[in-house]
Amino acid sequence: MGGKEPKTIITDQDKAMKKAIQTVLKSTTHRNCYYHIVTKMSRKESTFFAKNSGLSEMLMYIAKNAFTPDEFEMGWNKVIKDYNAGGEEHLSKLFRIRHRWVPAYFMDKFYPFSSSTGRSESTNNMWKCYSQHTDTITMFLEQYEVIQDKCLSALDKKKLTSTLKTAKLVTRHPFEKQALEQFTHEIFEKFQIEITNNTAFKVDGSLEPDRHLRLKRIVKFYNHMEFKRELFDVTFDDEKKNFMCSCKKMQRDGIHCCHVIKAMVHMEINDLPESFAIKRWRKDIDMELATLGNVADASCGDETLKFAGVMSHMAELCNKACPNDKAYNVMIQCMRDMETKVLAAIREDEGAKKLHDEETGSNETLRDPPMSDRRGTKRGDRMMPEVDNEQRISKGEQQK
């Protein structure tokens, strides 16, 4: 990742992992898995919850529907007091670590459509299906290539679906069609749910005309209901053409909520504002990533990233040029000119480096030390002293 830390991360309550993240990923927002904590709470407090009907539901309602830390803390303490649950150690522990798992503390953090470790667990399960802990390094690398091909195949399938498959429109709002043209297939389906659910609300008042609207839920239940509370506040910045809802879905998931859609309908806004389509969810993001000015600029030191950006950009141009003879000939000529300029730039850079090395290096040339022609005396060629020869002869005669 070129030293770039992730903005957010979700793990279980493993203490070693918590310490490692605090040490290595210092700027990352660390969050504990909401599902694991709630499941563990239901298991450990099952007897107390059985004796106090409604306590579990009230605690979950507060944890899920509070929009601010103050709102959560006031609601949680009130429920604990009403049910006389202050002596429950596990509930007290959950309140002490509330900043690590309660959604109200992460409303402005980007955790798209997730508050649990379900995605990483599905990835772990995939690895377990293809590899075992007893595999050799060679076997593991072979299975890694299989998994990589599977992931790339799934990604290509999603890209193809976004390109070829057209979802059906459910309303006559112009901004729905605009969203269909801009969003990927999966994100549009999620956004379309918000468009449908805007009919579950009505504008209950305007704290400031065309700037701050109060919305009220008019149905008891609807599909894909995210919050069970009744009132929501939507503000609009006319200068920036930007909406903001008290549920902060845009900050959390990267798409606007049904409350903002209702405000748009009420204000008779037909065109989709640019702030609605973040780059991450757009169909044309591949082309933007391939632009050298955005991805593979001079400050980028990752050769793989540069290569991927250039290849993607060139592939897109080839795809457009090849069906047209005139465009094809133009592209061939441009490639020849580009080849000449690129090779010239390479030679110029290599020449500059060589000149720099000569200027900064020593004038004296270091050579190997002189080598002797004889690398030792062969056995039998050594000249023995005369005394030694006489002594050897006399010793030989004595032995005889």
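This is a predicted model: local features need pLDDT of at least 70, side-chain atom pairs count only at pLDDT 80 or more; totals for chains, interfaces and linings use all residues.
Reader: How many helices and strands does the protein have?

Author: The protein has 16 helices and six strands. Residues are numbered from 1 along each chain as its sequence is written, and side-chain values use heavy atoms, leaving out hydrogens and water.

Reader: What share of the 400 residues is buried?

Author: Buried means under 20% relative accessible area, exposed over 50%, and partly exposed in between, with a 1.4 Å probe and protein chains only. Here buried residues make up 28% of the 400.

Reader: Which residues of helix α4 are buried, and what covers them?

Author: An α-helix has 3.6 residues a turn, so residues three or four places apart point the same way. In α4 (residues 55-65), the buried residues are Leu-55, Ser-56, Leu-59, Met-60, Ile-62, Ala-63 and Asn-65. Their cover includes α2 (34-44), α3 (46-51), α5 (69-82) and α6 (89-96). Contact here means heavy atoms within 4.5 Å.

Reader: How many aromatic pairs are there?

Author: A pair of aromatic rings is described by the distance of the centres and the angle of the planes. Rings of Phe, Tyr and Trp (its six-membered ring) pair if their centres lie within 6.5 Å; planes under 30 degrees apart count as stacked, over 60 as edge-to-face and the rest as tilted. By this rule there are 19 aromatic pairs. Take Phe-191 and Phe-276: the ring centres are 6.3 Å apart and the planes stand at 90°, so this pair is edge-to-face. It links distant parts of the chain, 85 residues apart, with Phe-191 in helix α10 (residues 185-197) and Phe-276 in the loop between α12 (258-266) and α13 (285-290). Phe-191 has a relative accessible area of 0%, so it is buried, and Phe-276 counts as buried at 1%.

Reader: What kind of pair do Phe-227 and Phe-232 form?

Author: A tilted one, with 6.4 Å centre to centre and 55° between the planes. Phe-227 is buried at 7% relative accessible area, and Phe-232 is buried at 1%. Elsewhere, ring pairs link Tyr-34, Phe-72, Trp-76, Phe-95, Trp-101 and Tyr-105 into a cluster.

Reader: Which charged residue lies over the face of Tyr-34?

Author: The rule asks for NZ of Lys or CZ of Arg within 6 Å of the ring centre and within 35 degrees of the ring normal. Lys-64 lies over the face of Tyr-34, 5.1 Å from the ring centre. Likewise, the charged end of Lys-190 sits over the ring of Phe-113, at 4.6 Å from its centre.

Reader: Which residues are closest to the centre of the second largest pocket?

Author: Rolling a probe the size of a water molecule over the atoms shows where empty space is left. On a 1 Å grid over the protein atoms alone, a pocket is an open set of points where a 1.4 Å probe fits, with protein on both sides within 12 Å along at least five of seven lines; lining residues have an atom within 4 Å of a point. The second largest pocket has a volume of about 600 Å³, the space filled by probe spheres set on the points, which are joined across faces, edges and corners. Of its 28 lining residues, Phe-113, Glu-226, Lys-249, Arg-252 and Asp-253 are closest to the centre. The largest share of the lining, four residues, comes from α10.

Methods
Helices (H or I, at least four residues) and strands (E, at least two) are DSSP runs, numbered from the N terminus.
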